[in-house]
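Hi everyone, thanks for coming.

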Amino acid sequence: MSDRDLVNLYSGRILALAADIPHLGRLTAPTGSARKRSPLCGSTVTVDLVMQDGVVADFAQDVKACALGQAAASILGSVILGRSGAELEAARADLRKMLQDNGPLPARPFDGYEVLIPAREYANRHASILLALDAACEAAGQTELA
């Protein structure tokens, strides 16, 4: 990876998002909780959430990831409250398509993931970027099954 590639991949916006992740921590009484780990880089994200009336009413995340994973968690943290499990699943599918298949941006309010478009070319970073949404989808699914 050249210096120019690194500058494009780790833009100021990505670094700013990584430095300001909303809802850091853990919930004391979540209705769903999931931990996801990227085997390639070792990044982990643990999500706790409370679903109420079919939407996320409370949310916390413990993020131990690279800057790209942190930025993705920051984007999720800024929009997750009030979202349904189906919306989270759709956002995850859209983000995966954006990264792996050069697909369009995820639909609003998840369109903030556009900052991660430069990571398309780095397949080894995709798993870390998807961690927060993967964990949120699993945690929401636990709640819906309960």
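Look at Arg35: its bridge partner is Thr46 in β2. Before I go on, this is a predicted model, where local features need pLDDT of at least 70, side-chain atom pairs count only at pLDDT 80 or more, and totals for chains, interfaces and linings use all residues. Residues are numbered from 1 along each chain as its sequence is written, and side-chain values use heavy atoms, leaving out hydrogens and water.

Back to the strands, which are DSSP runs of E, at least two residues, numbered from the N terminus, while helices are runs of H or I, at least four. β1 and β2 (residues 44–52) are antiparallel partners over six bridges; two strands pair if DSSP finds at least two bridges between them. The open sheet has three strands, ordered β1-β2-β3, with antiparallel pairing. β1 (32–37) and β3 (55–64) are at the edges with a single partner strand each, so one side of each has no neighbour in the sheet.

Now the helices. α2 (residues 12–19) packs against α3 (residues 67–79) at about 70 degrees, with axes 7 Å apart; axes are lines fitted to C-alpha atoms, for helices over the stretch in contact, and angles run from 0 to 180 degrees between N-to-C directions. That makes α2 roughly perpendicular to α3, a label for 65 to 115 degrees. Ile14, Leu15, Leu17 and Ala18 of α2 make the contact (heavy atoms within 4.5 Å) with α3 residues including Leu68, Ala71 and Ile75.

Definitions and conventions:
Parallel < 35°, antiparallel > 145°, perpendicular 65-115°, else oblique.
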